[in-house]
Amino acid sequence: MAATSLLPKSLSPFLTNPPSFPATHFIKVSFLNPVNHLYCSKRPNIHTLVVHAKKKNPWLDPFDDGDDPDMEYGSLFADGKQEEDPRPPDNPNNPYGFLKFPKGFTVEIASLALKVRGDVRRCCCVVSGGVYENLLFFPVIQLLKDRYPGVLIDVVASPRGKQTYELNKNVRWADAYDPDDHFPEPAEYTDMVGLLKSRYYDMVLSTKLAGLGHGVFLFMTTARDRVSYVYPNVNAAGAGLFLSETFVPDSMNLSDGGYNMYHQMSDWLGRPFRSVPRQPILPLKVSISRKLKEVVEGKYRNAGAEKGKYVVIHGIKSDSKASMQSKGDTDSLLPIHVWAEIANGLRGIKPVFVIPHEKEREDVQEIVGEDASIVFITTPGQLAALINDSVGVIATNTAAIQLANAREKPSIALFCSEEKGKLFVPSAQEKNSVVVSSKTGKLIDIDIQAVKNALPIFDVSFALV
Amino acid sequence: MRQCSSSSGLFSGWQQIGERKSKRGCLSKANALPDWPLMAVLVEHMEGQRDYVIHKSIWHLSDNAIKDVYTLYIMFTCWGCLVFGSMKDPYYDSEQYRKDGGDGTGHWVYEKQEDIEESARAELWREELIEEIEQKVGGLRELEEASKK
């Protein structure tokens, strides 16, 4: 039997029936049969049934006929998810000292094995948008971490969006580079390309809608899998050449999708693969460091609030860049006099007004009163720590709502319309969140009495605390 | 060999000028260094023959050379002012100027922000892990206590 396996090519034409070939201990039976390649291309019915309906881009690899249906993955092929530690076992008998990999391990083709297995060791996420979009990307990062154990995840985001990763323990490096900038400075651009290339990523994810330009940018990172959203219109022309997987969003603005704005990407990332079942996407979670908590505690103490005895009010109208709105919902800030009215309804709990810029402080003091608790916060990390120590949150559609849900705090979310509310806070009841939406489609016309009626949810948790 | 000079003896220059009848109009002409041999020519003298000039002590400097000399002089002066002026400057003796370069790691890269953030996130990860373990241990303990009862 060993002799036949040494001379496969001359023998195989006679072995037209592979199952009769008693090769149970061989791993790749089909490899011995050169006719097999024709067989797989002649059997498209299996493919169309098994593989998802998405059309493959024939330009990427004209010789890629898809997975070999006769391929048997035997004992030599490690199954399941990747190992957390990519290091092969040490070989203490190696005479070369530093070359501590075992016999037969070839460094040169190690990446090939990664490709066959679909492992991802280093992954880069290029996230477009501000704080809100980056915050909603957290579940995707968690999914990556669960699906590919031991993966090192780096993030490239705009300077504001990058601040969000203070709250994420799964990220290694976060680099500030604005992917939404249409005309980046050449020096910055080349610097970032070089930086990403030199980190040797296995996979690059991008949530910027890619055209040819962004496709080329991702291509230049020389990552194995370049996965990106593309424009849903003609602007996507040519981007597919440089990307190995593309998603077409529902509209030009990805943020319109609300909480599940990255659902195509997370569907694809969590797809079942060989023996690995579909990876479920977990709800948004943030982690807050001790240092951050201490800093913020000092801040709200100074403002005259006590731990567990205040409600965070976020979403004061301002032209500040730090208002943490979603790009998908531009009408999401209320002027201070509306907030003052809502805060009047609070009994026994102190409202803490979060201002995105120091110039708002005077307005708040003027309308609410000199003794109002005002905290100046621009970063999502501090906002999360503030929410973590509070009873609950009253906010418009800003990152504060998502942070409250992530920290399991009761919240009252004010939305400009009911549809937006459903999009951005799905299954509000489970999250202990009340969505109050305006009837007219404009946030300013919101029914203040309805908000006041929802206020008792804080009393319940207040009693529990 | 004998020396020819502008004056025959020291301190005789002034007198010489005084004695001489100047045909040109300049009466106020004075020799600054009267007894200093500004030009000394050493000749070899032989009777009945021309004198051989064997040594000439004067330097004729070209314009360029003069410029170089003055440049060097200015540079030297400036250097002197800086060096000797700074010898008692408290700034140059201070830690700010005299301390070792870099941040103590041996390489001179000052862009540390991302490293700091990265280590902060790693720290956060460890914190969460410890919390999780504590919760699990607490849960186990509760279970144990419940089973004991």
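Axes here are lines fitted to C-alpha atoms, for helices over the stretch in contact, and angles between N-to-C directions run from 0 to 180 degrees. The model is predicted, and its local features need pLDDT of at least 70. Residues are numbered from 1 along each chain as its sequence is written.

**Exercise 1.** Describe how helix α13 and helix α16 of chain A pack.

Solution.
Step 1. Helices are DSSP runs of H or I with at least four residues, and strands are runs of E with at least two. Helix α13 of chain A spans residues 290-302, and helix α16 of chain A spans residues 380-388.
Step 2. Their axes lie 9 Å apart, at an angle of about 70 degrees.
Step 3. Angles of 65 to 115 degrees count as roughly perpendicular, and α13(A) and α16(A) are therefore roughly perpendicular to each other.
Step 4. Contact means heavy atoms within 4.5 Å. Among the residues that meet are Leu292(A) and Tyr300(A) in α13(A), and Ala385(A) and Leu386(A) in α16(A).

**Exercise 2.** Which order do the elements of chain B follow from the N terminus on?

Solution.
Step 1. Chain B has five helices and three strands.
Step 2. The order is β-α-β-β-α-α-α-α.

**Exercise 3.** How many residues of chain B are in contact with chain A, and what area is buried between the two chains?

Solution.
Step 1. In chain B, 10 residues contact 17 residues of chain A.
Step 2. Buried area is the accessible area (1.4 Å probe) that two parts lose on being put together, summed over both. Between chain B and chain A this area is about 1,200 Å².
Step 3. Glu114(B), Arg121(B) and Leu124(B) lose the most area in chain B, together 48% of what that side buries.

How values were computed. Chains are lettered from A and ligands numbered from 1 in the order in which they are written. This is a predicted model: local features need pLDDT of at least 70, side-chain atom pairs count only at pLDDT 80 or more; totals for chains, interfaces and linings use all residues. Side-chain values use heavy atoms; hydrogens and water are left out. Angles under 35 degrees count as roughly parallel, over 145 as roughly antiparallel, 65 to 115 as roughly perpendicular and the rest as oblique.
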